[in-house]
Amino acid sequence: MKNGRQHAHLVVQLTDTATGTVKQLRNNYYKQSALARDLERDFQLEPTPQRKTGKSYDMQEAQQIKKQGRGVKEYRAP
C-alpha cells in the first residue's frame, strides 16, 4: 500500500540472445504511461493521479527548445 492505494512495480530486462547483451529501452516513459491507462480502463481500476508539471509545453517541445538554446517564448514566436 502506498498513500492508501495498492500499486505494483514491473521490472523488465530485454536481452539480445545473439550477442548476450542487454538491449536499451529508450523513450519508454510515454509507452508505459499509455499502457497503464489501458490496463486501468480494461480492469476497471481507479485511474492513477497524473502529475501536473505546470508547464504549457510537452516533452518534444522542451527537447527542441533545449537543442536550440532558446526560451519557450522565442521558440513559439513566428
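Tutor: pLDDT is the predictor's confidence in each residue, from 0 to 100. This is a predicted model, in which local features need pLDDT of at least 70 and side-chain atom pairs count only at pLDDT 80 or more, while totals for chains, interfaces and linings use all residues. Residues are numbered from 1 along each chain as its sequence is written, and side-chain values use heavy atoms, with hydrogens and water left out.

Student: Which element of the chain has the highest mean pLDDT?

Tutor: Helices and strands are DSSP runs (H or I, at least four residues, for helices; E, at least two, for strands), numbered from the N terminus. The chain has three helices and two strands, arranged along the sequence as β-β-α-α-α. Over the chain the mean pLDDT is 81, with 90% of the residues at 70 or more. Helix α3 (residues 72–76) has the lowest mean among the elements, at 75, and the highest, at 92, belongs to strand β2.

Student: What share of the residues in the chain is buried?

Tutor: A residue is called buried under 20% relative accessible area, exposed over 50%, and partly exposed in between (1.4 Å probe, protein chains only). By the Shrake-Rupley method, with a 1.4 Å probe and only the protein chains shown counting as cover for residues, the chain exposes about 7,900 Å², of which carbon and sulfur atoms supply 52%. Of the 78 residues in the chain, the buried share is 4%.

Student: Which residue forms a salt bridge with D38?

Tutor: Side chains of opposite charge can pair when their charged atoms come close. A salt bridge here is a side-chain nitrogen of Lys or Arg within 4 Å of a carboxyl oxygen of Asp or Glu, and the structure holds two of them. The closest N and O atoms are 3.2 Å apart, and the partner of D38 is R41.

Student: Is E40, which lies in a helix, buried or exposed, and what is its relative accessible area?

Tutor: E40 lies in helix α1 (residues 29–42), three residues, or about one turn, from R37. The side chains of E40 and R37 meet in a salt bridge, 3.1 Å from N to O, and R37 is partly exposed, at 28%. E40, by contrast, is buried, and its relative accessible area is 9%.

Student: Which side chain is joined to that of E40 by a polar contact of 2.6 Å?

Tutor: Counting contact as heavy atoms within 4.5 Å, and leaving out residues up to four places away in sequence, E40 touches L45, E46, P47 and T48. A polar contact is a pair of N or O atoms within 3.5 Å (within protein, one must be able to donate a hydrogen and the other to accept it, and residues adjacent in sequence count only if both atoms are side-chain atoms). The side chain that makes this 2.6 Å contact with E40 belongs to T48.

Student: What is the phi of Q44, which is not a glycine?

Tutor: Q44 is found in the loop between α1 and α2 (59–68). At 74% relative accessibility, Q44 counts as exposed. Its phi is positive although Q44 is not a glycine, with a value of about 55°.
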